[in-house]
Each structure stands twice: as C-alpha cells, then as structure tokens.
Amino acid sequence: MNRRLIILSLALVPLLYNGNMVAQKPTLPSFEQALALYNQQFYIVAQKDFVMIEQSLGNDQPIKKGEAAGYALLCHIALGYTDLENLLEAYIENYPYSTLISEIWFRLANHLFASELYEKALHYYNKCSFSSFDQEKRAEIAFKAGYSAFKAQELHQAELFLSQVFLQKIRRYDIPATYYLAYIRYINRDFTQAIEGFSKTTRDVRFAGVAPYYIIQSRFLLKQYQQVVSEGEELYNRSQGEEKRVLARILTESFFELNRLEDALRYLDAYQKNSKNISREDNYLAGMIHYAQKRYGEAIPFFEETGQVLDSLGQNAHYYLGETYIHTKDKLSALNSFRIASSLDFDPVITEDAFFNYAKLSFDLNNHIGSFNTYMERYPNTQKATEIQSYIADAYLLNKDYRSALTALSAIKNPDPVVLGKLQRASFLRGMQLVGAGSYREAEILFNQAINTSGNLLGINVLATYWKAESLFRSNRYQESIDTWNNFLSICPSNFASTERRMALYHIAYAHFQGSNWALAEQYFANYLSGGNPQTRTYYADAQNRLGDCAFMSKAYSKAIDYYALAMEKNGLLSDYSLFQMALSQGLIFQQSKKIATLQQLINTYPSGPFAVPASFELGRTLVQTGAYSSAEAIFNTLIKRDDATQFYSKTLIELGLIWVNLKKPEKALGYYKQVLEGFPETPEAENALAGIENIYMEQNNAQGYFDYIARLGIDSRKSADEKEQMLFNAGEQLFILGSHHEALKSLRSLLQQYPNGARSTQSHFYIAESLRLTGKEEEAADEYLTVMRTATGSFAEQATLHYARISYRLEKYDEAARGYESLAEIAKLDNNLTEAEIGKSRSYFKEQLYDQTILQTEKTLKGKGLSQAVIQELTYIKGKSHLALGQREQALAIFQKLSNEVYTSMGAESAYLLIQDAYNAGNFAKAEEYIYALSDSDSPQHYWIALSFIILGDIYADQNEIVQALATYQSLLDEYKPEKPDNIHDIVRLRIEKYNTQLKKK
C-alpha cells in the first residue's frame, strides 16, 4: 500500500466509530504510528491516537503513558488550543519526570511568541534547558527568548539571550540578533556599540530602511556632528514623513553645533514647516540658532515660549533671554530674565552667573548695591568678588561718589596694585570733599589712608600729606600740622606742586603764629614772601601783616610799623587792619602824634569798616593821654551814638568820666561812672567805674556817701563764688550778644576753667558753641553742642540738638545727623523745629542709604502741614530715588514722571533725565530721543542734566552703529559744555570718545 492510501485510510478511521455503523472494538494505534503522524504534522489524528494510547496504558507503564500524554499536549499546542498553560501544569503534576517537558516548554513558548505574548513566551523560554536541544533549536530559543525579553522591556536578559545566538553557529538569526542587540545598546546609550551593530544590518532588506536612522541618531547623541551632517543629508534627501522631519531636527542641531548657522537655519525652517506641534526643546534650539546668528529680535519669542515652564530648560531659556535683551538694549527686560534664571537651581553654574548679571544690572539701572551684597553672601568664595567691587568702585569714581567708592574698594580682600591705586585716589578725593564740607577730622583720617595705602601714586601721597597738615591746622593741632607740612616739603619733588610748596610755608608760619612762637612764625612768613608776589594777593598781604604782628607780639614795635607799611605798599592799597596795628605800635613807642594821624587816616578811609569803631575809641584814648580833652570828648560823644559801637559803650563812658576827672569836675565824672555801674553792672568796666566812684567820694571826704550809694545799689565788695561766676558769665554773654564772638569765646572759656561744673557751665558751653559756629569752627561747635545736649533741658537742649544735627549733616556725618534729628523729634517744643527734625531724618536716612527707612520717613513727613513747595519736591524726590535704589522702578518712575514737570529745578531736571535713562534702558530709543529733545527745548537752566541726556543720545547713535554721529555728539559736548563748577561730564565723554575711536581704528 502506498503512503497516500495509508493517510487516506487513517483519515477515515474515525468514521468507523459512527454509532450507525456496526459496533466493533477499535484497533489501538501504535505509539510509532502516532509519532509518525505527529512528525508529519497531522496533529489532529496524532492527538487522538496519543490520547487513546495514554488511556490504554496502565499505571504500571508510567513512562510510556507520560510520553503519549506529552505528545498529545504537543499536538494541542500545535493546533493552538486554549487553556494550554493549565494543561501543561496538569501534565507536569501527573508526569513530573517526563523527558518531554523541555520540548513542551519550547513549543508552548514558540506558540506564545507567535501570538505576540512575549512575557509569557519569555517565561517558558527561560525554562528550556539548552542542553536538551540541538544547535538549530538553541539558536531559535536564544533569538526568540532575546526578542521576547526585548519586547517585555527586560533588556539585560534580552542582551544575554541574543548574545547566545552567535555561539550556535547558525547564521539564520545572526542579523536580527545583531540589530536588536544594537537597539538595546542604543536604548542603554551605548551609542558606539549601537553604531557598530546597526552598521552590520544596513544591507539586510529587513533593516536597511531603519538602521541608518538609528546610526545617525547615535552619532548625534555621541556629538559626532560632522559625521551626522556628512551621512545625514543624503539620508534626509531620500526620506519621507516622520523620518524626514526627525532628521531635519537632528541636522539643525548638528549644523548649529558645527557653527554652520545658515545650514542650521535652513533645516530648522524645514523642520518647523513639517511639524504641527513645536516642542519647547525645538523652540529653545530655534532661539539659540537665532541668538548665535545675532538675530536677537528673532530669538526672543522662541526663548520666551520655552521659558513659560520653569524647569531646567526654562532656566537656560531665561538666561539666554537676558543675554538677548542686553544685545537689544532692553536692560529692564534683561534684568527680569536674569532674575528668573537666578531663582532656579537646576543648573548651579547658570544660577550663579544669572544672579551675577542680575546684580550688575541692578547696580547699573538703580545704583543699588544690595543685589551685589546678596550675591557675595550667597557665593562667599566667588572668584568675582574683586571684579564686583572694582566694578562698583569704578562707577562711583566716575560719578565722584568717593564715599561709596571707598566702601567698595575696602571690601576687596587681596587688592592688586591697580585696586590700591584706586583706593589711594578715592581716599584722597573723599578727604578733599570733606575738607570742602569743613569736616576736617574725618578728612585727616582719609588723608592718612591715602598716605599709607601702597598705591604708588606719588602725586596723591604728596598732596594727601599737604591736606592732612591743613586738616590738622583747622583742628587746632598746630604742632602736628607743622610736623606734617615739614614732611610734605621733604617728600615733595622740586618740580611738583609748586603752589602747595609755597603755601606750606605760609601755613607753617601761621601754625607757629597760633602757637605764639613769634620768631619761627616771622621766619616762615618771610620765607613765604621771599618767593615773590603770588597770584593770590590776599595771602601775600596777610603774610605781610602777620610779619607785623610777629614783631608787635615780640614788642619790636618799630619793626612792626615797617612791616605794616610794607604790607600796604606791596598790596597796592591801604588796609584798615595794617593802619590800626601801625597806630597801636606807634603809640607803644610814644609816637602819639603819628598814632593820631594814622588813626584819623583809617577812620577817614574806612568810616564803616570793622576797625572804624575800635580806631575811634583808640583815637579818643590817645587824645586823652595827650591832654586834648575837648577833641577826645567830641569823639567819645559821637562814638556812644553809633549803633555799631555798643560793645564800646561802657568803655567810652569810663573814658568820658576820666576826662572830667582830669578836668577837675568830679561830679560830671561821677555821673558817667554811675551810668556804667548802674547800666552795665556785669561788665568788666563796672569794676573800674566802682573804683572811680570810690576815689571821687574819698577825695570829697564823703565815705559815708560812698557807703550809702553802694548800699542803695545793693553792692557788696565781697562777692561769693556764685556771684563771681554770674558776673563772668554775664560779661561773656554780653560779648556774645554784641557779636564779639572771639572775645566771647575767650571770656566764656576762662569762666569754664574756673567753674567747669558751675551753675552757668551749660549755658556757657551753649554760647561757646554758638560763637564757634558763627565763626566757622563747626567741628568744635558740634562738640560743644553735644556737651549741652547731655546736660541741658528746655530751650537750650532743643537749640543745641538742632544745631548739632544741622552741623553733622553739613559735615557729611549723616549717621550722627540722623541721631541728632531723632533726638530733636523727641524733645522739640517748637513746631518749626519738630518739622525740621522730620525733614532732617528723611535727608539723613537717604544719605546713609537706609532706603526702606527713607521711604517710611518721607511718607510720614509729607503728611505734615506747612511744608514749602521746595521741601515737598525734595522729599518726593528722595522717596523716588529710594524706590529706585531698591529696584522698585514702577513706584520710582511714577514719582519721577510727576517731578519732571518742574525741569527748571535740579530735582525736576534729574527726574526728566531718569525717565530718559529708563526709556533707553528699555531699548525704546525713539521715546528716549523724544524725551531728550523735550528737555533740551525746555530752556531749563539745569545744564548738567541736559548734558547727561545728550550723552545718552550719543549712546543711542552708537548702539545703532552710527559711530561717527555718536562721536560728533560726544565731541560737541566736550567743546560746548562749560560747567560753572567741576563735574563728571567731560570725564564720561572722553571715555566714550576713546572707546569708539579705538573701535574705528580696529575697523
């Protein structure tokens, strides 16, 4: 029987068992026949045969029974029956030692694999023992198990299985295994191995269409940008759809990284045209490409879109957005972008650099140092500390804010020679500012700092020594000033500071003069004068007079007369002081007629001068001494009628009394003496008057009349200590009231030497303070006012505190001024003083850069009543500047907008300038120009602020690359701007001219 007939007969076997047929006992198939059917893939028939065989065997034949059941299960698997896994579990339970179990696992795994149930397939592949299979099946298991693991995301296991494929020497699975191994390495970012694997699959039709894409992506992720563009462009040209779009994105970034920006932009355009939804990453890349091409305006919207989410990418976007705004001259927007980038911590390097840029802009825009301080607190080990402080200092130096520049420079820990030079220069210039304010003690400290700073600026060192000596002299430290001026002369080169060298001699002479060292004073005044007539005639004439004074004090009166005459001769005109001193000298050598003639010449030449009254009195006294009583009486009678001679009134009455004593008319003399005693009992002349009255009564033998007279007046020759103190105080007070402040100082200081803690000591200190203030000795006056503040109450305390605060503010001691005004606000009874205290606090807080306090204080002060319009404007301005310094630009600009309506005032013009600066900083050049021309056309007398605004106009031209026009604008300022007093305009302009001329030369 041939094979076909056998198969047919086997296929008909089931029909023999039809119920309608004759019942016969079926023939039991043999195991070999069933296995043959199985091997020939007749799984239905084979399955039934194996079932019959299994059922026919008893339990005494477990092995054969298990084999039959196993093949029946394999048939089930081949036929794709359901519930296979449960059947398998039941089989294993019944036949745990069956040799078919591995084969069953393998077949079930393949079945599940074909059904794409990869996790279940992997489960059974893992159960298969390699040793149970031949190489062909081992290769199949390795690949399919690897692929199943790959699909089940078990990549490590997949890699292990796929690697086994190559060990079986069966080539059928090598290329697929290579591809998926490459893909796994791609997923694991082992791009080098991935490229190697993908490259082996590019000729296989199954993978030729996809492997090149993964190779390009791997090269891209390895940053092999040159190879990406070399291989990628060809691939791009033959690609379609999504692959083409993705390649455009890869090529865009690769060309960008290679700085081939035009190519990057070309592929970026292609990518965007084929993309419905642009990702944030895509926007960021687009922004970076435009940024790199300096197309800053086009970059901005892409960075803005990316920065809407504040993640790592958003931080980068805001950082570059800040950089982009800087390039578009919109500093205000840049400030905000850097602020956002610095508030995020995804990239610490960007966070720090963004904060640095934010701090720098805050300082540039608001002159606010707080952000820099915060930066250095946050990054205490920053390498930028010196750069920051130098940057701040340079800005302050340019604006002549030497006080703030010193603060910045002093914070530099390891200053280099350049920084030390700036520190030396700033110390000197701040000292000069304080000299101008009369704050000599603070100035001396700064001149010392300039001298002791090793900045190697010889000129500064020399001049600082000179002005240190000047400050010591002004502080009444005469010997120290002499030593310092001598040091100045020893270190000053002969060809340097000729004016200062000459003036040093003059000042040394004066210091010796103040120390009553007449011989040395005369020597130095002579040395000063030997240099010839200087340009300042006042100093020359003064030195000549001081020579006369030295001779006068040394009692060399004839020499003094010659000096005074020479002073008038060299000066080219008469001098009331020289004439007066000459007359006194003449009188002391008994040249009375010459003295009288000199005094008359003085009175006739200077009838209203400061020496007219003393000269008239001295002339009257001299006439009395020469016996010309009638002429003397006429002069004295005229003198007591002069309003400007009140301080000589009691002295004149004494002299009139003396005339009548000499004329033997005691009753008339007595009348004059009694006027003094009764009208001016507390003056020194009262003692002389009392002595004259006593003499007259005694010559008349009328002692009782004298005693009755003094008893009636309540006068007792025995004065108590308190009474004596009172008399001395009254004398000093009277001198103060009469305006004789120098004499009042001598009198009251003498009183305090005798009664340092007396009942009148506080009032004496007050009058001393007032006299010092009125004679220009403000530092000493402040000391005295402070003494009064500590002991006095009532009006003396209030007035002392008021003047102490005012002086401290003028001396630029703003912290002391603030404390003074705070004290005044607590004790003031007078409304105007209370108002001044509130205003003074606002000013002092602002000068001390206490901006939060300033804002609160100005708001409080502005609520007060009776403020002048000028004060309201000033306080509003201070408030606006404080908001600006704190970075609160909206509040500040609202204030400046209002103030700018008053451009005729300095604060109004500055407010207009700040609006110009704000428009410029926002990159709104058109608006800035509009404001500039409006200020220029306003006819405001505030030329400084107009000049600054034209510097901004030049900057606008420069920013628009109109360098020639910018230079012309700067040059016109240099040529035409003529300040009334030195300022920083020319310095700023020269720096810009130098900068842009250098740029033109480079071009």
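# Reading side-chain contacts in a predicted model

Modeller: A search of the whole structure finds 49 salt bridges. Keep in mind that this is a predicted model.

Biologist: Is Glu103 buried or exposed?

Modeller: Look at the relative accessible area. Buried means under 20%. Glu103 has 16%, so Glu103 is buried. Arg107 has 32% relative accessibility, so Arg107 counts as partly exposed.

Biologist: Now a bridge between helices. Which parts of the chain do Lys595 and Glu618 link?

Modeller: Lys595 lies in helix α33 (residues 592-605) and Glu618 in helix α34 (residues 612-625). The two residues are 23 residues apart, and the pair links distant parts of the chain. The salt bridge spans 2.6 Å, N to O. Lys595 is buried, with a relative accessible area of 5%. Glu618 counts as buried too, at 11%.

Biologist: What about Arg749 and Glu780?

Modeller: Their side chains meet in a salt bridge at 3.7 Å, N to O. This pair also links distant parts of the chain, 31 residues apart. Arg749 sits in helix α41 (residues 741-754), and Glu780 in helix α43 (residues 778-791). Arg749 counts as partly exposed at 37% relative accessibility, whereas Glu780 counts as buried at 16%.

Biologist: Which residues do salt bridges that share partners join into one network?

Modeller: Glu233, Arg260, Asp263 and Arg266.

Biologist: On to rings. How is a pair of aromatic rings described?

Modeller: By the distance of the centres and the angle of the planes. The whole structure holds 80 aromatic pairs. Take Tyr291 and Tyr320: the ring centres are 5.5 Å apart and the planes stand at 70 degrees.

Biologist: Why is that pair edge-to-face?

Modeller: Because the planes stand at 70 degrees, and an angle over 60 counts as edge-to-face. Tyr291 lies in helix α16 (residues 280-292) and Tyr320 in helix α18 (residues 312-327), so the pair ties together parts 29 residues apart in sequence. Tyr291 counts as buried at 17% relative accessibility. Tyr320 is partly exposed, at 22%.

Biologist: And how do the rings of Phe766 and Tyr767 sit?

Modeller: Their centres are 6.0 Å apart and their planes are at 65 degrees, so this pair is edge-to-face. Phe766 counts as buried at 8% relative accessibility. Tyr767 counts as buried at 10%.

Biologist: Last topic, the core. Which residues of the largest nonpolar core touch the most other members?

Modeller: Trp485, Phe525 and Ile693, out of 110 residues. Helix α28 (residues 498-514) gives this core its largest share, 9 residues.

Biologist: What does Phe525 touch?

Modeller: Leave out residues up to four places away in sequence. Then Phe525 touches Tyr506, Ala509, Tyr510, Phe513, Ala543, Arg546, Leu547 and Cys550.

Notes:
Residues are numbered from 1 along each chain as its sequence is written. Side-chain values use heavy atoms; hydrogens and water are left out. Rings of Phe, Tyr and Trp (its six-membered ring) pair if their centres lie within 6.5 Å; planes under 30 degrees apart count as stacked, over 60 as edge-to-face and the rest as tilted. Helices (H or I, at least four residues) and strands (E, at least two) are DSSP runs, numbered from the N terminus. Buried means under 20% relative accessible area, exposed over 50%, partly exposed in between (1.4 Å probe, protein chains only). A nonpolar core is a set of buried Ala, Val, Leu, Ile, Met, Phe, Trp, Tyr and Cys residues joined through side-chain atoms within 4.5 Å. Contact means heavy atoms within 4.5 Å. A salt bridge is a side-chain nitrogen of Lys or Arg within 4 Å of a carboxyl oxygen of Asp or Glu.
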